[in-house]
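Dear colleague,

I am handing over the model we spoke about, with the sequence and structure shown just below. My notes on what was found follow after that.

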Amino acid sequence: MLSFTLEEYQERLGKTKEKMAAAGIDVLLISDPANMNYLSGYDGWSFYVHQMLIVIIDEAQPIWLGRSQDANGAKLTVWMHQDFIIPYPDEYVQSLPKHPMDFVAQILTEIGQSNRAIAVEMDHYYFTAACMEHLKQHLPNASFKDGTNIVNRVRIIKSDQEIEYMKRAGAIVERAMQAGIDAVQTGVRECDVAATIFHAQISGTEAYGGDYPAIVPLMPSGIKTSAPHLTWTDGTYKQGETVILEIAGCYKRYHSPLARTLVVGQPALQVVELSEIVIEGLNETLQFVKPGVTCEEVEAVWRKSIAKHGLEKESRLGYSMGLNYPPDWGEHTASLRQGDKTVIQENMTFHVIPGMWFDSFGVELSESIRVTKTGCETLANFSRELFIKHPTIHSAS
């Protein structure tokens, strides 16, 4: 069931250990499910309870440690020997007297790792303040370090197989976006359009099915397009409303996000003008992207383009993305914004999302890109325009 060759997993592990050595880390405790997947292959919806991948700098294989009922899932998805799969009893699950980190500390003590330099992913969704407190309590002789983004930085340059998976995700999002645009009509419920998009995301293409994306469809309409991260309601679309669809295709946990804006009926002049500015700026920005430039230099092209029209965008223009689990498809590393001097390299992948939001309306058009030897290519092939839906009245019943 491995998604990659054993050699690729071992190469990833080796690069992670190089970064550990440079930071003086002996043991890295990984709670980010994307990082667990990246290094071990583990893939399951078990991240709602505590689980970890333990990377020891002088051990050839990492240790998967998680809930007992998830151990068989680990055996089916990871590349390591089964001796490196260690389950904890269910009495540790969401329990006040016992915490899974007590068990982690016990295992580290038993295998002689309790007094080493131990790093944890401090700034991550799946590692809590209680986790840190329990580890410190039961490992008093350890030296704790912050291991946030160590694996994420390894992930930033994709392998050829990862790029292939992301291109498949791109083909899936093409279908899902078209299905969503086709479904939006006057009188149609937002929730029914969301269901149509979900169906397309999961059914995928005839050649391969889709995975669940890390983010649900973001699809504000009307005045709600002023806020980028609203989902859907059971209300119906109205004549003249602007609608934003930001969705992703996902294949083997690898994403290809895409955003487009459409109007049901006649668009307002301000929406047409803003969409033209956004498309122009996006086109100029993508033409500039190439290995050797920095993230802030890419963002500066966009900023200069919209400044011609008297506009500015405070939020970042985009971010590195790829493999992930809810609640985010971003990698939390490079961002296209002022001050980020990350040098762009071949096979980095970004979601470039020049959304513009004002008090009463907004416009989004985005592309997911792969950096090539000489420039960049989009992962999906979808028309870059403001979509105008000619009115077709549907009954709300």
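**The open sheet and its helices**

β9 and β10 pair in the antiparallel sense over three bridges, where two strands pair if DSSP finds at least two bridges between them, and in β10 the bridge partner of Gly 318 is Leu 336. This is a predicted model, in which local features need pLDDT of at least 70 and side-chain atom pairs count only at pLDDT 80 or more, whereas totals for chains, interfaces and linings use all residues. Residues are numbered from 1 along each chain as its sequence is written, and side-chain values use heavy atoms, with hydrogens and water left out. Helices (H or I, at least four residues) and strands (E, at least two) are DSSP runs, numbered from the N terminus.

Both strands belong to an open sheet of five strands in the order β10-β9-β11-β14-β15, with antiparallel pairing. β10 and β15 (376–378) stand at the edges with a single partner strand each, so one side of each is left without a neighbour in the sheet. Direction ignored, neighbouring strands of this sheet are turned by 35 degrees against each other on average.

Helix α9 (residues 269–288) lies across β11 (349–352), β14 (367–371) and β15, running at about 10 degrees to β14, while helix α10 (residues 295–307) lies across β10 and β11 at about 60 degrees to β10. Contact here means heavy atoms within 4.5 Å; axes are lines fitted to C-alpha atoms, for helices over the stretch in contact, and angles run from 0 to 180 degrees between N-to-C directions.

In the loop between β9 (318–321) and β10 (330–336) lies Pro 327, and the peptide bond to Pro 327 from Pro 326 is cis, with omega near 15 degrees.

The axes of helix α1 (residues 6–22) and helix α2 (residues 33–40) come within 7 Å and cross at roughly 120 degrees.

Asn 149, in the loop between β6 and α6 (150–155), has a positive phi of about 70 degrees although it is not a glycine.
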